[in-house]
Amino acid sequence: MQGGLFVIEREKLALYGGQPVRDCRKDARPVISQEAKEEVMAVLSKGTLAQFYGGTQVRAFESEYAAWFGRSYAVAVSSGTAALHVMYLAARLPERSEVLIPANAYVSVLSALLQAHLIPVIVDLDPQSWAMDPEDCRRKITSRTSAIVAVHMYGQPCPMTELAQIAEAHDLTLLEDCGQSHGALWARRKTGTFGRAAAFSLCCRKHIALGEGGILITDDEELAATARSLAHKGKGEGWFDYREMGFSYNMTEVQAALGRHQLRRLDSELERRQRLARWVQEQVAETGLSFPLVPAGSTHAYFKLNALVPPELAPYRNEIVDALQAENVGCDPSHPHLLDIDWIREQRPYFFRTLPPEERPSYGPEIAPVARDLLRRQIGIEVGPGLDEEDLSYTVAAIRKVMAYFRAAYGATGRKP
Ligand SMILES: *Cc1c(COP(=O)(O)O)cnc(C)c1O
């Protein structure tokens with residue numbers, strides 16, 4: 001009797017006043033080595049904070065980054081969103097053409113397209129891999145389609161072989177958003193090396209985390225030169241050589257110095273996230289959570305370990321996330337379906353009003369239904385950077401506790417008892 005009561009007491013969710021599995025939350029934080037700190041101090045001491053006035057860090061970061069991917073060119077910029085913006089423009093996609101993007105993409109994919117005067121067309125997800133569905137991609141191609149942007153969300157690679165075939169067959173430009181997929185493989189090849197260009201975010205908790213930052217890679221010399229110019233006020237080589245309207249998306253020398261050090265630990269960061277994510281998956285196999293299918297020869301980069309709660313618990317997804325957070329472990333609800341973002345569904349940005357009615361995209365509730373089901377059930381379990389085995393063992397304990405509670409309470413019927 002005593003023991004039974006103890007179990008009930010112990011298992012009471014922290015959300016409802018129980019004891020949390022961990023005393024306090026440990027947040028994922030970029031790992032900055034002593035060497036990296038010294039390098040940054042050296043840049044600060046020298047006072048050369050910008051490439052424009054003689055800094056060498058940005059150029060060095062770009063060439064080391066391109067080499068890591070086996071690409072010819074890299075252009076470092078101020079954010080992932082900026083990298084997307086200049087990538088779309090530098091690809092010279094015709095204005096007002098349609099660009100296919102998956103429904104689970106990050107919001108920047110959209111805003112950057114609209115800034116480049118391109119029409120986002122929302123593609124559904126595959127129910128097994130939860131990545132962009134090539135079949136739906138095919139269905140949504142029209143005479144105005146110019147490009148496919150593969151967005152490897154959470155680090156799960158899109159099916160690049162098929163997307164490349166579709167792009168080839170329909171004469172479309174294939175681009176990649178690798179904001180969350182540093183080092184993820186598709187068919188043993190790094191994501192970011194399939195498209196004509198790929199954009200990366202280097203912000204806060206990405207695999208390479210500089211606080212803020214972005215970078216674009218490509219083998220296309222002209223695209224690289226155009227992107228570089230656009231990111232630097234539309235300038236060419238000369239002092240007042242203003243070639244076209246550009247932006248001020250420069251990366252600073254401090255960011256680049258940090259980036260060079262983070263790049264050196266990218267392989268180990270990736271290996272650690274993959275090892276921990278695999279372990280967590282094994283440990284929570286009996287909790288009712290499910291994980292995306294990763295085909296043989298491909299790997300997930302685990303920006304987050306994304307998982308689905310079972311269909312009957314879909315109405316409680318946010319409460320489950322709140323409960324996990326209350327246990328002091330890192331977990332977030334997944335990004336919304338792009339068409340659940342009001343400003344896009346209602347086509348509020350000015351650009352939409354410049355379109356003739358027949359060119360307005362369709363953003364009705366019937367677009368991308370598989371994604372809608374997946375995204376309302378998806379959670380993102382924090383796996384890094386800076387989190388270790390001990391941290392993840394708390395995560396496992398919290399998931400077991402919280403899922404056991406919710407399954408017992410709402411399991412088969414999905415209704416409160
Ligand atoms: C983080 C992210 C971005 C935006 O990058 P910022 O550096 O925050 O501008 C774009 N796309 C994806 C997939 C991302 O994860």
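Pro385 sits in the loop between strand 12 (378–382) and helix 15 (389–410); here helices (H or I, at least four residues) and strands (E, at least two) are DSSP runs, numbered from the N terminus. A cis peptide bond joins Gly384 to Pro385, with omega about -5 degrees. This is a predicted model, in which local features need pLDDT of at least 70, side-chain atom pairs count only at pLDDT 80 or more, and totals for chains, interfaces and linings use all residues. Residues are numbered from 1 along each chain as its sequence is written.

Most residues other than glycine have a negative phi, and most peptide bonds are trans.

| Residue | Phi | Loop |
|---|---|---|
| Tyr302 | about 55 degrees | between helix 10 (266–283) and strand 10 (304–308) |

Tyr302 is buried, with 29 other C-beta atoms within 10 Å. Ala368 also counts as buried, with 24 C-beta neighbours inside 10 Å. Buried means that 20 or more other C-beta atoms, placed from the backbone, lie within 10 Å of the residue's own.

Now to a helix pair. The axes of helix 2 (residues 34–46) and helix 9 (residues 253–264) come within 9 Å and cross at roughly 155 degrees; axes are lines fitted to C-alpha atoms over the stretch in contact, with angles from 0 to 180 degrees between N-to-C directions. Helix 2 is therefore roughly antiparallel to helix 9, a term for angles over 145 degrees. Contributors to the contact (C-beta atoms, placed from the backbone, within 7 Å) include Val40 and Val43 of helix 2 and Ala257 and Leu258 of helix 9.

Technical notes. A residue is buried if 20 or more other C-beta atoms lie within 10 Å of its own, exposed if 12 or fewer, and partly exposed in between; C-beta atoms are placed from the backbone. Angles under 35 degrees count as roughly parallel, over 145 as roughly antiparallel, 65 to 115 as roughly perpendicular and the rest as oblique. Two residues are in contact if their C-beta atoms, placed from the backbone, lie within 7 Å.
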